[in-house]
Amino acid sequence: MTQPTPPAWDCHTHVFEDAATRPVLPGSGYAPPPRSWRDLAHTGAPHGIERFVLVQPSVYGTDNGLLLDALRESGGRARGVLVIADDTPEAQLVAWRTQGARGMRFNAVSGSGNGMRTYGQLAPRLHAAGWHAQFFVAPQALDDLLDHVRADGPRVVIDHLGGAADGPDHAATRTALFRLLDTGRVWIKASGFYRYGYPPEAWMDHFGELLRDLADRYPERVVWASDWPHTWFFDPAHGQPVPYRDLLGLLRQAVSDEACNRILRHNPLALYD
(Lines give C-alpha, C1' and ligand atoms only; values in the text may rest on other atoms or scores of the structure.)
Protein backbone atom coordinates (compact mmCIF):
# COMPACT_ATOMS: atom_id res chain seq x y z
CA MET A 1 0.00 0.00 0.00
CA THR A 2 1.34 3.41 -0.99
CA GLN A 3 2.00 5.71 1.95
CA PRO A 4 0.30 9.13 1.77
CA THR A 5 2.54 12.09 0.99
CA PRO A 6 3.31 14.08 4.17
CA PRO A 7 2.17 17.71 4.18
CA ALA A 8 4.60 20.54 3.42
CA TRP A 9 5.74 22.75 6.31
CA ASP A 10 6.74 26.36 6.87
CA CYS A 11 8.97 26.07 9.94
CA HIS A 12 9.27 29.65 11.19
CA THR A 13 6.29 32.01 11.41
CA HIS A 14 4.77 34.43 13.92
CA VAL A 15 1.33 35.61 14.98
CA PHE A 16 0.50 39.05 16.43
CA GLU A 17 -2.43 40.92 17.93
CA ASP A 18 -3.23 44.60 17.91
CA ALA A 19 -1.01 46.44 20.40
CA ALA A 20 -4.07 47.75 22.25
CA THR A 21 -5.12 44.15 22.91
CA ARG A 22 -1.70 42.68 23.63
CA PRO A 23 0.97 45.27 24.46
CA VAL A 24 4.56 44.63 23.46
CA LEU A 25 7.52 44.81 25.83
CA PRO A 26 9.16 48.22 26.28
CA GLY A 27 12.11 48.64 23.96
CA SER A 28 10.89 45.94 21.58
CA GLY A 29 11.88 47.89 18.51
CA TYR A 30 8.64 47.55 16.54
CA ALA A 31 4.88 47.63 16.96
CA PRO A 32 3.53 44.64 15.02
CA PRO A 33 0.36 44.76 12.94
CA PRO A 34 -2.26 42.10 13.68
CA ARG A 35 -1.48 38.80 11.97
CA SER A 36 -3.59 35.78 12.90
CA TRP A 37 -3.46 32.02 12.47
CA ARG A 38 -6.10 32.34 9.77
CA ASP A 39 -3.99 34.92 7.93
CA LEU A 40 -1.03 32.56 8.04
CA ALA A 41 -2.96 29.52 6.83
CA HIS A 42 -4.48 31.60 4.03
CA THR A 43 -1.01 32.78 2.96
CA GLY A 44 0.52 29.33 2.78
CA ALA A 45 -2.38 27.47 1.18
CA PRO A 46 -1.94 28.64 -2.44
CA HIS A 47 1.67 27.41 -2.30
CA GLY A 48 0.86 23.96 -0.96
CA ILE A 49 2.00 24.70 2.60
CA GLU A 50 -0.32 23.03 5.09
CA ARG A 51 1.62 22.86 8.36
CA PHE A 52 3.34 25.66 10.27
CA VAL A 53 5.70 26.27 13.18
CA LEU A 54 4.78 29.30 15.28
CA VAL A 55 7.76 30.95 16.97
CA GLN A 56 7.29 33.27 19.94
CA PRO A 57 8.33 36.79 18.90
CA SER A 58 10.66 38.70 21.19
CA VAL A 59 8.14 41.54 21.60
CA TYR A 60 5.93 39.35 23.84
CA GLY A 61 8.65 38.01 26.11
CA THR A 62 7.41 34.99 28.06
CA ASP A 63 3.72 35.75 27.45
CA ASN A 64 3.01 32.82 25.13
CA GLY A 65 -0.76 33.19 25.37
CA LEU A 66 -1.35 34.30 21.79
CA LEU A 67 0.85 31.53 20.39
CA LEU A 68 -0.90 28.87 22.50
CA ASP A 69 -4.28 30.21 21.38
CA ALA A 70 -3.15 29.90 17.76
CA LEU A 71 -2.01 26.30 18.34
CA ARG A 72 -5.49 25.44 19.58
CA GLU A 73 -7.10 27.26 16.65
CA SER A 74 -4.91 25.38 14.18
CA GLY A 75 -6.54 22.08 15.04
CA GLY A 76 -3.20 20.26 15.08
CA ARG A 77 -1.79 21.89 11.95
CA ALA A 78 0.77 23.96 13.89
CA ARG A 79 3.60 23.40 16.35
CA GLY A 80 5.09 25.98 18.69
CA VAL A 81 8.47 27.26 19.80
CA LEU A 82 7.99 29.23 23.02
CA VAL A 83 10.01 31.55 25.23
CA ILE A 84 9.65 30.50 28.86
CA ALA A 85 10.62 31.77 32.28
CA ASP A 86 13.75 30.30 33.88
CA ASP A 87 11.80 28.64 36.68
CA THR A 88 9.23 26.89 34.46
CA PRO A 89 8.87 23.32 35.82
CA GLU A 90 9.24 20.25 33.65
CA ALA A 91 5.60 19.34 34.25
CA GLN A 92 4.51 22.57 32.57
CA LEU A 93 6.75 21.84 29.58
CA VAL A 94 5.16 18.40 29.24
CA ALA A 95 1.68 19.95 29.42
CA TRP A 96 2.55 22.51 26.74
CA ARG A 97 3.95 19.72 24.58
CA THR A 98 0.53 18.09 24.51
CA GLN A 99 -0.76 21.41 23.12
CA GLY A 100 1.83 21.40 20.33
CA ALA A 101 4.91 23.06 21.86
CA ARG A 102 8.17 21.52 20.66
CA GLY A 103 10.96 23.93 21.56
CA MET A 104 12.24 27.05 23.27
CA ARG A 105 13.81 29.96 21.44
CA PHE A 106 16.93 31.71 22.70
CA ASN A 107 17.22 35.08 20.94
CA ALA A 108 20.54 36.86 21.28
CA VAL A 109 20.04 39.18 18.31
CA SER A 110 16.79 41.10 18.04
CA GLY A 111 14.61 43.38 20.12
CA SER A 112 14.08 42.33 23.73
CA GLY A 113 15.52 38.89 23.13
CA ASN A 114 16.17 36.58 26.06
CA GLY A 115 19.76 35.73 25.06
CA MET A 116 21.58 32.53 25.93
CA ARG A 117 22.53 33.11 29.54
CA THR A 118 19.99 30.70 31.07
CA TYR A 119 20.39 27.85 28.60
CA GLY A 120 22.49 25.67 30.93
CA GLN A 121 19.84 25.94 33.62
CA LEU A 122 16.95 25.08 31.28
CA ALA A 123 18.58 22.45 29.05
CA PRO A 124 17.95 19.40 31.29
CA ARG A 125 14.24 20.25 31.55
CA LEU A 126 13.94 20.86 27.82
CA HIS A 127 15.56 17.52 27.05
CA ALA A 128 13.45 15.60 29.56
CA ALA A 129 10.22 17.11 28.19
CA GLY A 130 11.12 16.30 24.57
CA TRP A 131 11.75 19.91 23.55
CA HIS A 132 14.56 21.28 21.38
CA ALA A 133 16.51 24.51 21.84
CA GLN A 134 16.29 27.04 19.03
CA PHE A 135 19.00 29.70 18.76
CA PHE A 136 18.95 33.03 16.96
CA VAL A 137 22.53 34.22 17.28
CA ALA A 138 25.00 36.42 15.44
CA PRO A 139 27.46 34.55 13.18
CA GLN A 140 30.38 35.20 15.52
CA ALA A 141 28.55 33.30 18.28
CA LEU A 142 28.30 30.02 16.34
CA ASP A 143 31.54 28.68 17.79
CA ASP A 144 30.20 29.33 21.29
CA LEU A 145 27.19 27.16 20.51
CA LEU A 146 29.43 24.10 20.33
CA ASP A 147 29.63 24.22 24.12
CA HIS A 148 25.84 23.79 24.26
CA VAL A 149 25.56 20.79 21.94
CA ARG A 150 25.70 17.70 24.13
CA ALA A 151 24.63 14.12 23.64
CA ASP A 152 22.65 14.29 26.88
CA GLY A 153 21.05 17.63 26.01
CA PRO A 154 18.18 18.74 23.76
CA ARG A 155 18.50 18.89 20.02
CA VAL A 156 19.54 22.30 18.69
CA VAL A 157 17.96 24.29 15.86
CA ILE A 158 19.67 27.35 14.35
CA ASP A 159 17.62 30.19 12.86
CA HIS A 160 18.05 31.95 9.54
CA LEU A 161 21.05 30.04 8.13
CA GLY A 162 23.10 31.02 11.16
CA GLY A 163 24.21 34.18 9.41
CA ALA A 164 26.37 32.06 7.11
CA ALA A 165 24.95 33.28 3.83
CA ASP A 166 27.14 36.30 3.23
CA GLY A 167 29.40 38.97 4.68
CA PRO A 168 33.15 39.57 4.86
CA ASP A 169 33.70 36.55 7.10
CA HIS A 170 31.18 34.24 5.47
CA ALA A 171 33.75 31.48 4.79
CA ALA A 172 34.67 31.26 8.48
CA THR A 173 31.01 31.49 9.45
CA ARG A 174 30.11 28.58 7.18
CA THR A 175 32.94 26.54 8.65
CA ALA A 176 31.60 27.19 12.16
CA LEU A 177 28.08 26.28 11.03
CA PHE A 178 29.22 23.04 9.41
CA ARG A 179 31.18 22.17 12.55
CA LEU A 180 27.95 22.43 14.52
CA LEU A 181 25.98 20.38 12.02
CA ASP A 182 28.70 17.72 12.01
CA THR A 183 27.77 16.90 15.62
CA GLY A 184 24.61 15.21 14.32
CA ARG A 185 22.42 16.99 16.89
CA VAL A 186 21.95 20.32 15.13
CA TRP A 187 19.32 21.37 12.58
CA ILE A 188 19.35 24.47 10.37
CA LYS A 189 16.51 26.65 9.10
CA ALA A 190 16.80 27.79 5.49
CA SER A 191 15.14 31.14 6.11
CA GLY A 192 15.66 34.87 6.48
CA PHE A 193 17.15 35.31 2.99
CA TYR A 194 16.05 38.95 2.74
CA ARG A 195 17.96 39.86 5.89
CA TYR A 196 21.18 39.99 3.86
CA GLY A 197 20.10 42.90 1.65
CA TYR A 198 19.91 41.22 -1.76
CA PRO A 199 16.83 41.44 -4.01
CA PRO A 200 15.10 38.14 -4.85
CA GLU A 201 16.51 38.08 -8.38
CA ALA A 202 20.03 37.88 -6.90
CA TRP A 203 19.31 35.20 -4.30
CA MET A 204 20.41 32.22 -6.36
CA ASP A 205 23.84 33.79 -6.86
CA HIS A 206 24.29 34.36 -3.13
CA PHE A 207 22.42 31.46 -1.49
CA GLY A 208 22.15 28.69 -4.07
CA GLU A 209 25.51 27.06 -3.37
CA LEU A 210 25.01 27.18 0.40
CA LEU A 211 21.56 25.59 0.15
CA ARG A 212 22.91 22.82 -2.08
CA ASP A 213 25.81 22.19 0.29
CA LEU A 214 23.47 21.95 3.26
CA ALA A 215 21.07 19.64 1.42
CA ASP A 216 23.93 17.39 0.28
CA ARG A 217 25.90 17.25 3.53
CA TYR A 218 23.02 17.23 6.03
CA PRO A 219 20.04 15.92 4.05
CA GLU A 220 17.93 15.04 7.08
CA ARG A 221 18.54 18.18 9.16
CA VAL A 222 17.53 21.11 6.96
CA VAL A 223 14.05 22.67 7.12
CA TRP A 224 12.60 25.63 5.21
CA ALA A 225 10.83 28.67 6.59
CA SER A 226 9.33 31.91 5.31
CA ASP A 227 9.68 33.97 8.53
CA TRP A 228 6.11 35.21 7.84
CA PRO A 229 4.90 37.93 8.40
CA HIS A 230 8.45 39.14 7.81
CA THR A 231 9.13 41.33 10.83
CA TRP A 232 12.26 42.60 9.08
CA PHE A 233 9.97 44.74 6.92
CA PHE A 234 8.09 46.23 9.86
CA ASP A 235 10.90 48.80 9.63
CA PRO A 236 9.99 50.95 6.57
CA ALA A 237 13.69 51.48 5.90
CA HIS A 238 13.90 47.85 4.78
CA GLY A 239 11.41 48.32 1.95
CA GLN A 240 8.46 46.12 1.00
CA PRO A 241 7.96 42.50 2.10
CA VAL A 242 9.15 39.82 -0.29
CA PRO A 243 6.37 37.71 -1.84
CA TYR A 244 5.90 34.33 -0.17
CA ARG A 245 6.27 32.58 -3.53
CA ASP A 246 9.80 34.01 -3.95
CA LEU A 247 10.93 32.63 -0.60
CA LEU A 248 9.68 29.17 -1.51
CA GLY A 249 10.85 29.50 -5.09
CA LEU A 250 14.47 29.93 -4.04
CA LEU A 251 14.50 26.55 -2.33
CA ARG A 252 12.83 24.84 -5.28
CA GLN A 253 15.32 26.41 -7.68
CA ALA A 254 18.42 25.75 -5.59
CA VAL A 255 18.07 22.06 -4.72
CA SER A 256 16.84 18.93 -6.45
CA ASP A 257 13.19 17.90 -6.36
CA GLU A 258 14.10 15.02 -4.07
CA ALA A 259 15.96 17.29 -1.63
CA CYS A 260 13.18 19.88 -1.72
CA ASN A 261 10.58 17.25 -0.93
CA ARG A 262 12.66 16.03 1.99
CA ILE A 263 13.23 19.56 3.35
CA LEU A 264 9.60 20.61 3.06
CA ARG A 265 7.88 17.38 4.12
CA HIS A 266 9.96 14.69 5.76
CA ASN A 267 12.49 16.63 7.84
CA PRO A 268 9.90 18.80 9.63
CA LEU A 269 7.87 15.72 10.43
CA ALA A 270 10.87 14.23 12.24
CA LEU A 271 11.71 17.43 14.10
CA TYR A 272 8.28 18.74 15.09
CA ASP A 273 5.82 15.87 15.05
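This passage describes strand β2, its two neighbouring strands and the helices that link them. The structure is a predicted model, in which local features need pLDDT of at least 70 and side-chain atom pairs count only at pLDDT 80 or more, whereas totals for chains, interfaces and linings use all residues. Residues are numbered from 1 along each chain as its sequence is written, and side-chain values use heavy atoms, with hydrogens and water left out.

Strand β2 spans residues 49-55 and is mostly covered, since 6 of its 7 residues are buried (under 20% relative accessible area, with a 1.4 Å probe and protein chains only). Helices (H or I, at least four residues) and strands (E, at least two) are DSSP runs, numbered from the N terminus. Strand β1 (residues 8-13) runs parallel to β2 and is joined to β2 by 4 bridges, pairing of two strands being taken as at least two DSSP bridges between them; within this pair, Thr13 stands opposite Leu54. From β1 the chain passes through helix α1 (residues 37-44) to β2 in a right-handed β-α-β crossover, that is, with the strands pointing away from the viewer, the path from the first strand over the helix to the second runs clockwise.

Strand β3 (residues 78-82) also pairs with β2 in the parallel sense, over 4 bridges, and here Val55 stands opposite Val81. Helix α2 is followed by Gly75, which has a positive phi near 60°.

Key. Buried < 20%, exposed > 50% of the residue type's maximum accessible area, 1.4 Å probe, protein only.
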